[in-house]
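The sequence and structure come next.

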Amino acid sequence: MRYAIIPVPPFQQNCSLFWCEKSQHAAIIDPGGDIPKIMSELNHYGLTPERILLTHGHIDHAAGASELAEKLRIPIDGPHSDDAFWLDSMAQQASMFGFNEGSICQPDRWLQEGDEVSFGEQRLEVLHCPGHTPGHLAFYHAGERLAQVGDVLFKGSIGRTDFPKGDYDTLIHSIREKLFPLGDDVRFIPGHGPMSTFGEERRSNPFVGDGR
């Protein structure tokens, strides 16, 4: 499996492309905006998009999902149904945060802990990691030791919990009980900013490191 990270405005959110090298079929994770840029990257790598995956319902991660799904005629999988209220309020989120786009997004499939999603011959495990939002998911590729964790965990920080239905203790539990047990060597793509490993965050993250 290969991947590419596409920061999209206005919050430089990390949209990701994961693809199967054998088939060139791809998953688009969190298309939060700038659809022309995402389309250009798909064309650059010669990819056939198979599905859109959403980690959670915040507009900077999901604003472009409905338009892109319609344009490419592919399904939207995720997030967990506990984030339905966020997706239903996309227009209000757009107004609040100054987005030019953001229509109500209705996934073709809600995901939950233990589900799998596929593209080409690749499989991602679905982890339910609430706290930042109640329906937040992470996607994990065991063979590549790679996770897309959205806004749960960042290099040197953690996700905000001051949005509606966010919860700090629940977020910390998700990180320590769902993500860190995957292994110190696992690399992760956060929703914003640079990649890191779970081991590095266990050692040095001031919010959730082992010294806390």
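The charged end of which residue sits over the ring of Phe85? Lys165 does, at 4.5 Å from the ring centre; a charge sits over a ring if NZ of Lys or CZ of Arg is within 6 Å of the ring centre and within 35 degrees of the ring normal. Phe85 also belongs to a cluster with Trp86 and Phe163, linked by ring pairs.

The model is predicted, with local features needing pLDDT of at least 70 and side-chain atom pairs counting only at pLDDT 80 or more, while totals for chains, interfaces and linings use all residues. Residues are numbered from 1 along each chain as its sequence is written, and side-chain values use heavy atoms, with hydrogens and water left out.

Rings of Phe, Tyr and Trp (its six-membered ring) pair if their centres lie within 6.5 Å; planes under 30 degrees apart are stacked, over 60 edge-to-face, and the rest tilted. The count by this rule is six aromatic pairs. Two of them, including their geometry, are tabulated.

| Pair | Centre to centre | Angle between planes | Class |
|---|---|---|---|
| Tyr3 and Phe18 | 6.4 Å | 65° | edge-to-face |
| Phe188 and Phe198 | 5.2 Å | 15° | stacked |

Tyr3 is in strand β1 (residues 2-8) and Phe18 in strand β2 (residues 13-19), 15 residues apart. Strands (E, at least two residues) and helices (H or I, at least four) are DSSP runs, numbered from the N terminus. Tyr3 is partly exposed at 28% relative accessibility, whereas Phe18 is buried at 0%. Buried means under 20% relative accessible area, exposed over 50%, and partly exposed in between (1.4 Å probe, protein chains only).

Phe188 lies in strand β12 (residues 187-190) and Phe198 in helix α7 (residues 198-204), so this pair ties together parts ten residues apart in sequence. Both Phe188 and Phe198 are buried.
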